[in-house]
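Here are a few notes to go with your first look at this one. Have the viewer open while you read.

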Amino acid sequence: MTQAELSAAELASRHARGSLRPSDTVKQAFARAADVQAGPSGLNALLSTDRDAALGAADEVVRLQGEGNQPASLVGVPVVVKANIATLNMPTSCGSRILEEYVSPYEATVVTRLRNAGAIIMGKTNMDEFAMGSSTENSAFGPTRNPLDPTRVPGGSSGGSAACVAAGVVRIALGSETGGSVRQPAAFCGIVGVKPTYGRVSRYGLVAFASSLDQVGVFGRTVDDAALGLGAIAGRDRYDSTSADVEVVDYQAVVKGDLKGVTIGRPREYFPESLDARIRDRCDAALERLRALGANVRDVSLPHTGLAIPTYYIIAPAEASSNLARFDGVRYGTRSDAPGLRDMYERTRSQGFGPEVTRRILLGTYVLSAGYYDAYYKKAQEVRALIANDFRRVFDSGVTVLFTPTAPTPAFPLGTKSDPYEMYLSDIFTATANLAGVPALSLPIGRVDGLPVGGQIIGGHFDEATLFRVAYALEQALGEEAHR
Amino acid sequence: MSVSEEDVRHVATLARLGLDPERIPTLVAELNGILAHMDVLSKIDTAIVGAVTGVGAAGTPLRVDGGNQIPLVRPREAFAPAMREGFLLVPRLATHEDTDAESA
């Protein structure tokens, strides 16, 4: 049995018992990455790796165990990390030319916590430039391909991390979410992806895109893997004042609970007439399974759902235009030579940013500019409150979680969405959770034309435990059906 | 509302982006295409809600408004090897000693 076939918990347990050596697991993970061509000449999922550092870390884990330290939850488990999460020994390029060679002088809290849990950081993964995209085609280093069908996209923006998990290179990977960038690629690649509550996980060391929406998310091969990964990184961090001081429960311990007393809402706005009937059928079949497991299922309404994309695509670019102002050739990354300071800024930024990032910076600057602020940005913040109120009202009415499709389509072929707004609509069912700050999870619930379909479970603030419990029950009930 | 080429040039200047002039008409069309979808928001009555700037249910935790003890905030005497009548005492410089010796 290879490391990819063992759950992350089982891997850690074998490493802790000494029946498996972490260095052998890490070597297997690198061998698997070579077999599936995870690098630039193949799937283009991995942008950089550090084999020596990974093997050194694996030996260090063994040494610490030999000193009688309590085995941690991810002892010797290889993980990959999205390229917008700061690590010390590999570039944090954000998929952008402007940060191509940039190596952070400090490490993200989530990376420190993974390492403290015994995980081995194998490499950094490809992504849409500065997380702006839904297909990982916007990377300056070329698109990532979907391991299940290399002619198709893996989703985005955390497509590289999703592809690594789907291809069996690792069981757990970190991504980041601003509007669906973990759940949508999880759905496209047939794996599990969780976006925690805003504030559940530290953003220290996550390169900011839209600070009021950004959150680090976790990919897992299974619900159990994702629960283990989130448990390792969640919790208050004094380096991020927006991280919340809310108790982190042992997600792995609660996943196996039953669904007694759980009420699942089926929001009608997420099942429009135009939704692919096969995706609707898969979702309804999953809801039937959940009902059979003892959950109550009822129709609900979140009336402002249709406003999520216009709202999101005002707020996110507005915040991005401010956050990305720091990349000007002075303090970070590459610099283009020019005769004066102003020319240097403009040349560095126009040569360093790709077309989608340029478009969003322009859009964001426009909606924040004098004369347009009230009409666009202020209005969007007000509508955001309406969207958040929709969720509050539904959860206050006794609904425990919501069940929806994760994306309106399965993975689409590379190069087929040239209209920016058409691409933005990929986030139509996911951006709402970011706007409201609630946690959400995607898990595979079947296939359409051989391509994975994701089901989304959305919960109340800081109730990730219930998300995992419902997802685990559904995953067990569906079994192999989730991948057929 | 729609943007003009002049708007795009103005916004690019604000954003410190150097745009190739040939690209501006395409950007105008793309931005207008996107902004047309945003117009739906203007029809929404938001009088009953205030704008939100964050979504954390727990709010932003604040630290105690006391500040940490800054290690270097100490009286200057604490830094001196020795004090006499409000002056810091420092070792006599060797060059001065040499000068004294020569003059003697």
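1. Start with L386(A). Setting aside neighbours within four places in sequence, its contacts are H304(A) from its own chain, plus T46(B) and V49(B). Bear in mind that this is a predicted model.

2. Where does L386(A) sit? You'll find L386(A) in helix α13 of chain A.

3. Is L386(A) buried, exposed or partly exposed? It has 19 C-beta neighbours inside 10 Å, so it counts as partly exposed, as buried would take 20 or more.

4. Now zoom out to the two chains. On chain A, 47 residues are in contact with 36 residues of chain B. Helices α10, α11, α12, α13 and α14 of chain A each supply at least two residues of the side touching chain B, and α13(A) gives the largest share, with 13 residues. By type, that side of chain A splits into 23 nonpolar, 14 polar and ten charged residues.

5. Over on chain B, take a look at helices α1 (residues 5-14) and α2 (residues 24-38). They pack at an angle of about 100°, with axes 9 Å apart, and so α1(B) is roughly perpendicular to α2(B).

6. Which residues make the contact between those two helices? From α1(B) come E5(B), V8(B) and R9(B), while α2(B) brings I24(B), P25(B), L27(B), V28(B) and L31(B). Six of the residues in this contact are nonpolar and two are charged, with no polar ones.

Notes: Residues numbered from 1 in each chain as written. Chains lettered and ligands numbered in written order. Predicted model: local features only at pLDDT ≥ 70, side-chain atom pairs only at ≥ 80, totals over all residues. Contact = placed C-beta atoms within 7 Å. Helix = DSSP H or I, 4+ residues; strand = E, 2+ residues; numbered from the N terminus. Nonpolar A, V, L, I, M, F, W, Y, C, P; charged D, E, K, R; others polar. Axes fitted to C-alpha atoms, helices over the stretch in contact; angles between N-to-C directions. Parallel < 35°, antiparallel > 145°, perpendicular 65-115°, else oblique. Buried ≥ 20, exposed ≤ 12 C-beta atoms within 10 Å, placed from the backbone.
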